[in-house]
Amino acid sequence: MPSLEKEVPFKKATFGMGCFWANDALFGGQPGVLRTRVGYSGGTTLNPVYRNLGDHTEVIEIDFDPSVTTYKDLLKLFWENHEYGLTTFIKRQYMSLILYHDDEQKHIAELEIKIEAGKRNEKLITEIAPAGPFYPAEDYHQKYRLQKHGWIVEELGLTPELLQTSQVAAKLNGYVAGIGNRADLDRDMRSLAIPEKIASYVKIQFLENEGGSLYC
Ligand code: MHO
């Protein structure tokens with residue numbers, strides 16, 4: 001349960017890559033990702049909300065353990081999982097955006113975009129900019145896939161705050177959407193002390209959705 005979660009040193013990554021529901025599940029289910037939350041960032045207008053985003057973009061904010069996964073690993077998932085917006089501009093809400101948290105991330109992102117564009121032989125329109133204020137999205141957007149299984153949220157006592165801050169919420173949100181692999185799923189269920197009834201239900205959801213489309 002959330003109280004069993006270990007405190008480990010972490011780094012942040014922030015990406016815009018289309019509708020944030022899918023990305024929340026995608027990153028939450030990855031080894032080394034400790035927590036995720038979705039929100040609005042990248043713009044200048046104050047206090048954006050879903051129905052009035054101003055010049056902000058839907059983004060996912062990731063806390064990751066750099067001893068397990070790297071910024072480069074996360075960027076690989078970034079390039080490979082845009083629903084739209086990587087090569088064609090649609091609107092700021094869904095634009096491809098990397099918000100870096102330090103010079104090292106800036107450097108890696110600027111290098112990787114060149115390598116990736118070279119591999120694909122096309123222009124990638126991802127904007128790379130410094131991370132600024134992040135405005136968490138409304139509660140119903142957090143762990144959107146998991147919230148479809150309301151009884152789990154209730155039984156685990158995942159409050160709106162925990163939906164943004166707990167590793168349990170991040171992992172289960174990924175696994176119900178079919179992200180990750182079975183070995184990691186079994187290991188996480190044990191290490192996070194997920195009750196058996198919930199663990200076996202999540203596994204069934206995982207198997208049904210494994211390898212499926214992540215799109216919104
Ligand atoms: N196609 C979805 C997008 C949701 S999203 C969080 C909808 O229209 O509700 O941008």
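What distance separates the centres of domain 1 and domain 2, taken over C-alpha atoms? The separation is 22 Å. The structure is a predicted model, in which local features need pLDDT of at least 70, side-chain atom pairs count only at pLDDT 80 or more, and totals for chains, interfaces and linings use all residues. Residues are numbered from 1 along each chain as its sequence is written, and side-chain values use heavy atoms, with hydrogens and water left out.

The protein is divided into domain 1 (2-136) and domain 2 (141-209). These bounds come from an automatic or database domain assignment. To the contact between them, domain 1 gives 22 residues and domain 2 gives 24 residues. Contact here means heavy atoms within 4.5 Å. Together the two domains bury about 1,900 Å². Of this area, 55% lies on carbon and sulfur atoms. Buried area is the accessible area (1.4 Å probe) that two parts lose on being put together, summed over both.

Strand E4 covers residues 96-100. Helices (H or I, at least four residues) and strands (E, at least two) are DSSP runs, numbered from the N terminus. Five of the five residues of E4 are buried, so the strand is largely enclosed by the rest of the structure. A residue is buried under 20% relative accessible area, exposed over 50%, and partly exposed in between (1.4 Å probe, protein chains only). In a regular strand the side chains alternate between the two faces of the sheet. Both faces of E4 are covered. Ser 96, Ile 98 and Tyr 100 are buried on one side, and Leu 97 and Leu 99 are buried on the other.

E4 has strand partners. Two strands pair if DSSP finds at least two bridges between them. Strand E1 (residues 11-17) runs antiparallel to E4, and four bridges join them. In this pairing, Phe 15 stands opposite Ile 98. Strand E5 (residues 127-130) pairs with E4 in the parallel sense, also over four bridges. Here Leu 99 has Ala 129 of E5 as its bridge partner. Between E4 and E5 the chain passes through helix H3 (residues 103-120), and this β-α-β crossover is right-handed. That is, with the strands pointing away from the viewer, the path from the first strand over the helix to the second runs clockwise.

Which residues touch the most other members of the largest nonpolar core? They are Phe 15, Phe 27, Ile 62, Tyr 71 and Leu 75, in a core of 37 residues. A nonpolar core is a set of buried Ala, Val, Leu, Ile, Met, Phe, Trp, Tyr and Cys residues joined through side-chain atoms within 4.5 Å. Two or more residues come from each of E1, helix H1 (20-28), E2, E3, helix H2 (71-80), E4 and H3. The core draws at least three residues from each of domain 1 and domain 2. Tyr 71 touches Ala 13, Phe 15, Phe 64, Ile 98, Tyr 100, Gln 105 and Ile 108, not counting residues up to four places away in sequence. A second, separate core has 19 residues, including Leu 163, Ile 194, Ile 198 and Val 202.

In H1, nine of the nine residues are buried. Among them are Phe 20, Trp 21, Asn 23, Asp 24 and Phe 27. The cover over the buried residues of H1 includes E1, E2, E3, H2, helix H4 (144-147) and helix H7 (167-176). In H7, ten of its ten residues are buried. Gln 167, Lys 171 and Asn 173 are among them.

Just after H7, Gly 178 takes a positive phi of about 90°. The C-alpha atoms of Gly 178 and Glu 208 are separated by 7.2 Å, although the two residues are 30 residues apart along the chain. Glu 208 lies in helix H9 (residues 196-209). Glu 208 is exposed, with a relative accessible area of 57%.

Asn 47 has a phi of about 50°. Asn 47 lies in the loop between strand E2 (33-41) and strand E3 (57-64). This residue counts as exposed, at 57% relative accessibility. Asn 121 has a positive phi of about 55°. Asn 121 sits in the loop between H3 and E5. At 70% relative accessibility, Asn 121 counts as exposed.
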